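Here are my notes for a colleague opening this model for the first time. Please keep the structure in view while reading.

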2 protein chains.
Amino acid sequence: MDKISGKVTTDTISFAEFKNHDGEIVSIRGYVHRIREMTGFSFVIIRTARDTVQCVYAPEFSDYRWDEKICEEACVKVTGKVVSSKDAKGNDRYELQIHNVEILSLPADRLPIVINKKQLDNIGLSTVLDLRPVSMRNPKERAIFKLQEGIARGFREYLMKEGFTEIRSPKIVFAGAEGGTNIFKLDYFGKQVYLAQSPQLYKQALVGVYERVFEIAPVFRAEHHDTSRHLNEYTSMDFEMGFINGFEDIMNTEVGVLKYIMNLLKTEYKEEVELLHADIPEINEVPVMKFMDAKELLMTKFKYKPQDMKDFDPAEEELLGKYAKKELGSDFIFITHYPSKKRPFYTKDDPNDHEYTLSFDLLFRGMEITSGGQRINDYHEQVEKMVKLGMDPEQFDTYLMLHKYGAPPHGGLGIGLERLTMHMLGAKNVREATMFPRDINRVTP
Amino acid sequence: MDKISGKVTTDTISFAEFKNHDGEIVSIRGYVHRIREMTGFSFVIIRTARDTVQCVYAPEFSDYRWDEKICEEACVKVTGKVVSSKDAKGNDRYELQIHNVEILSLPADRLPIVINKKQLDNIGLSTVLDLRPVSMRNPKERAIFKLQEGIARGFREYLMKEGFTEIRSPKIVFAGAEGGTNIFKLDYFGKQVYLAQSPQLYKQALVGVYERVFEIAPVFRAEHHDTSRHLNEYTSMDFEMGFINGFEDIMNTEVGVLKYIMNLLKTEYKEEVELLHADIPEINEVPVMKFMDAKELLMTKFKYKPQDMKDFDPAEEELLGKYAKKELGSDFIFITHYPSKKRPFYTKDDPNDHEYTLSFDLLFRGMEITSGGQRINDYHEQVEKMVKLGMDPEQFDTYLMLHKYGAPPHGGLGIGLERLTMHMLGAKNVREATMFPRDINRVTP
């Protein structure tokens, strides 16, 4: 070994390549997922990086003698002949007649749970999470996070195509963006600092630099309550865009992103979508309704008596979701012009009515997946709003650099990656769509 | 506004599109970067998302009267005629004869530093960092981080093409991966937890799930000393691959990644490379030398007297870098088989000589940019090594799930994004290549 050229050589192929090797001798590598002994032969299912491959062992195929050390979760290289399978569904389904098996490694113990059934049966979520390093070996479990990769990838690919720059804002911060009590404090060489609740202040600053920016990164919320929808660390997909003509530009960009993601999942993540029976929404045009019109609709059409005229409760969002689906034929609906009192300090008020804002939520099947809106870009307007809200503008001098030294009309949004995944799967708990969830009771594994 | 279709409509174009509009009237949007009044006309440089565009204002072009409110850092929409410029270099260089200017926003104050010169002159690094939201508006400063986007993008694109899955490991963790004192402690509802120093344990676990995985994410190190090479939060580009034939597979994948990145920078980030005079290395084959052979070379050829026979000091790395360039014609050199005593507990020893490991560092122009290697995949071997090192295997039971329940031969590496950017630019301080650096003295902005 003298020089490294940059090419990894391998004599194994992937299952997708089987169709080009019908009748040929090939090798694959992977875990022994399952062994089923039949009369006179055995099925050996090999779990590769993205597939499970049916292999058949029978003494007549080759001189090879089955090594009794081979067990489930052994890592092996299997050599054999590609043949069309009668059992397996679809035209392009093949199996491998085993000629030889090379053992690459053996487990030290048997798995504590059964992972080689179609799904993890009768295993509580808590155990699934405790045993993530092995429970994720179940094909359906790992498909969830492959699909999640696709969602984030779609978000990124679409925005890069649209001229957005990828940024990396710090997670150790000197001030909280959103305020409130759910902020983690960190001792930083004797100084008190925080873990970032959102990249809000940084992405706005960088609109002044790159015009359009995005980030996909962890954010931290010290949630004191343990609900099925909250996490203490999650992945936020954020974008922010400058020189907008109105906050419709932000909504249009979001719809463009979502269309791109859904199409990507249906093409490049087809196997995972099928395995999970994920219900990928069709998106054409997304209807838009003003907050107060939605409240009126809820009261008149649905005879709902709202508790709070400044925001929606989950029941109201669900009704609006049903309305969107039934009457407007859409899985999504934008609600715009939320009351000023319920939106953060950087939200731009509607110039026609200062009680409301140029903001929106996107509901997906009756559940909020995004909050976004136009931001204040004028320095004096922002300082005035801070003062009105009892904030001290001097504490925000770095943030206000953007406004003081010139900011274009701009706005943006954030989408929680795990929540979006959860809703796409129809899961009941966001932890099902989180690889290693953190909540008030869980910080392992 | 009733429906959102997903298309953002704009009547402005980018500078790259000028060549298709020679002689036509077009509009652009951006910041007023610089105004230079000449005799009878003015140059108005507009800073768009990725370019600076020369516009010329002269009363004879149009009826428009110059609005005296227009100042540097105003956000504007400029309409005018595309004309070939005699001054500007290159064939495809155009300027805009201003017909009209629409003011979109005005700054509240003048910039505290001059950002519209070729580079930030005579401004100390500390001031540059204090004023990042505005200092980054300098075209050269922002080009650094556009180039950095390209490096991370290249890493990701190449690995996805090679069948790697993108993962997102938690940053709030229950145990440190690398150990040592430079770990941030966090109070987590009364429990002591940590900020992740590396995704090591998670990426290894996920080799058991996806075979090949990568992550680009922040990591945290509580560095108590303030050096030009250390950061307390940085972006780690990690990958881990299973079913390797040897640790050469990891080195080959790294060389493949680096070749892809350099090519991407030379094509899609050409303007930034030119603006920064970045010296993008040519990579053909990367030479490889064993640790002890390198020590010998240093002693015989360079008459260097090493202080430490278990590791290299910076002077030694520099000499090896010079040797690689002069004698082997390469900006890069791999040093392999580092002594066991200097590598982490999960490193696989060389089966031929247990004093050394199947590990490597990659030196780029005499500076280490990567540590990597093959990991122990056998359960008993890993437990034994832990015990030998005085570690308690029970504390690592979640980590050892991988080994206990079966792990293929595997290995991986990590590259610090900011350090790689720094070396590519020939910068002296890693903070120059970090958007919002955190060190023992700095946690703002």
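1. Strand S2 (residues 25-37) of chain A runs antiparallel to strand S5 (residues 75-84) of chain A, and seven bridges join them. Strands are DSSP runs (E, at least two residues), helices are H or I runs of at least four, and both are numbered from the N terminus. Two strands pair if DSSP finds at least two bridges between them. Within this pairing, Arg29(A) lies opposite Lys77(A) in S5(A).

2. A word on the source. This is a predicted model, where local features need pLDDT of at least 70, side-chain atom pairs count only at pLDDT 80 or more, and totals for chains, interfaces and linings use all residues. Residues are numbered from 1 along each chain as its sequence is written, while chains are lettered from A and ligands numbered from 1 in the order in which they are written.

3. S5(A) also pairs with strand S6 (residues 94-105) of chain A, in the antiparallel sense and over ten bridges. There, Val78(A) has Val101(A) in S6(A) as its bridge partner.

4. Now chain B. Strand S5 (residues 75-84) of chain B pairs with S6(B) in the antiparallel sense, over ten bridges. Strand S4 (residues 52-57) of chain B pairs with strand S6 (residues 94-105) of chain B in the parallel sense, over two bridges. Look at Gln97(B) in S6(B): Lys81(B) has Gln97(B) as its bridge partner, and Val56(B) stands opposite Gln97(B) too.

5. Which domains does chain A have? The assignment gives domain 1 (15-105) and domain 2 (139-433). Such bounds come from an automatic or database domain assignment. Over C-alpha atoms, the centres of domain 1 of chain A and domain 2 of chain A are 46 Å apart.

6. The largest nonpolar core holds 222 residues. A core here is a set of buried Ala, Val, Leu, Ile, Met, Phe, Trp, Tyr and Cys residues joined through C-beta atoms within 7 Å. Ile333(A), Ile335(A), Ile333(B) and Ile335(B) have the most contacts inside it. Beyond its neighbours within four places in sequence, Ile335(A) touches residues including Met289(A), Phe291(A), Leu320(A) and Phe360(A). Contact means C-beta atoms, placed from the backbone, within 7 Å.

7. How do the copies relate?

8. The contact takes 87 residues from chain B and 88 residues from chain A. On the side of chain B that touches chain A, helix H5 (residues 248-268) of chain B gives the largest share, eight residues. Strands cross between chains as well: strand S13 (residues 286-290) of chain A pairs with strand S1 (residues 3-4) of chain B, antiparallel, over two bridges. Val286(A) stands opposite Ile4(B) in S1(B).

9. Is His380(A) buried or exposed? His380(A) counts as exposed because it has 11 C-beta neighbours inside 10 Å. The cut-offs, with C-beta atoms placed from the backbone, are 20 or more others within 10 Å for buried, 12 or fewer for exposed, and partly exposed in between. His380(A) sits in helix H9 (residues 379-388) of chain A.

Methods. Two residues are in contact if their C-beta atoms, placed from the backbone, lie within 7 Å.
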